[in-house]
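Please work through the following exercises with the sequence and the structure side by side, trying each task before reading its solution.

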Amino acid sequence: MPELPEVETSLRGVEPYLVGQTISQIIIRQKQLRWPVSDQLSKMQGAKIISLSRRAKYLIIHTNQGDILVHLGMSGSLGILQKNDASAPLAGKHDHVDLVTENGTVLRYNDPRKFGFWLWVERTEDSPLLQRLGPEPLSDDFNAAYLYAQSRKKTVAIKNFIMNNAIVVGVGNIYACESLFMAGIRPEMAAQNLTKPRAERLVKVIKEVLTKAIIQGGTTLKDFIQPDGKPGYFAQVLQVYGRKGEECRDCGTTIEAKVIGQRNSFYCPKCQRF
């Protein structure tokens, strides 16, 4: 599923086309997504788009008539096209929502599995979906002292711990596996066994892995396409995720996998010793 770097990539891709534009209509072809598309969206003609932002995996379109909260779900993607472009593709089976601006720009939401959503909220900060979220992983609030303090007396596996949005947002399965590999930490290690030096290292590599993924355009997943229609490229340099049975690029040991918290966890038994 699209993770934080994919959502950030989508945000950066569509933002230049939307900020400052006025919404002429929002076309809803499929109302029944993960949650029903908000009725308020079809009444937003004339709303001016002030800015776009991201919180965790939520993309937020801020307007002078309230905010639109978008989640890509398991397989959602956003694309930009021009309404009057004769070469623009017609809406397909999985194109569920179009946001159309007065200058003819169309933000199209495609979601084969329909696990995403489009919701209207008067103010983003009041949405219960965004309550109790931990800090952004690339912010100064996410630091070694914070992670170490949060991990005390936590017997949960460290991989599940860093994937908990109440601890830190946006560290999904792919990036958790990659970060733990770079930190030399086994994914099943109890969070409470995290030492201060390991916390320092883990925070550092989480930031590095996510930043690199954003720069390279997100992870190439079969369902993920960037707004310009091109896939991301980070998957080409993944160290352990999805590489069970292959040789570790660092030491040559066979990459192993185990299920932790109902998710496949990939690791190198030699490089990840703690």
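**Exercise 1.** Determine in which sense S1 and strand S6 pair, and over how many bridges.

*Solution.* In this predicted model, S1 and strand S6, which covers residues 95–101, pair in the antiparallel sense, and the pairing extends over 5 bridges.

**Exercise 2.** Work out the strand order of the open sheet of 4 strands, and then name its edge strands.

*Solution.* The order reads S1-S6-S7-S5, and the pairing is antiparallel. Strand S1 (23–28) and strand S5 (77–82) are the edge strands, since each of them pairs on one side only. From one strand to the next, the twist averages 20°.

**Exercise 3.** Describe how helix H2 and helix H5 cross, and list the residues through which H2 and H5 meet.

*Solution.* Two packed helices are described by the angle between their axes together with the distance between those axes. The axes of helix H2 (residues 144–151) and helix H5 (residues 196–216) come within 8 Å, and they cross at roughly 120°. That angle makes H2 oblique to H5, because values from 65 to 115 degrees would count as roughly perpendicular and only those over 145 as roughly antiparallel. The crossing of H2 and H5 is right-handed.

Turning to the residues, H2 contributes Ala 144, Leu 147 and Tyr 148, which meet Lys 196, Ala 199, Glu 200, Leu 202 and Val 203 in H5. Sorted by class, this contact of H2 with H5 comprises 6 nonpolar, no polar and 2 charged residues.

How values were computed: Residues numbered from 1 in each chain as written. Predicted model: local features only at pLDDT ≥ 70, side-chain atom pairs only at ≥ 80, totals over all residues. Heavy atoms only, no water. Axes fitted to C-alpha atoms, helices over the stretch in contact; angles between N-to-C directions. Helix = DSSP H or I, 4+ residues; strand = E, 2+ residues; numbered from the N terminus. Parallel < 35°, antiparallel > 145°, perpendicular 65-115°, else oblique. Left-handed = near helix turned anticlockwise from the far one by under 90°. Contact = heavy atoms within 4.5 Å. Nonpolar A, V, L, I, M, F, W, Y, C, P; charged D, E, K, R; others polar. Pairing = 2+ DSSP bridges.
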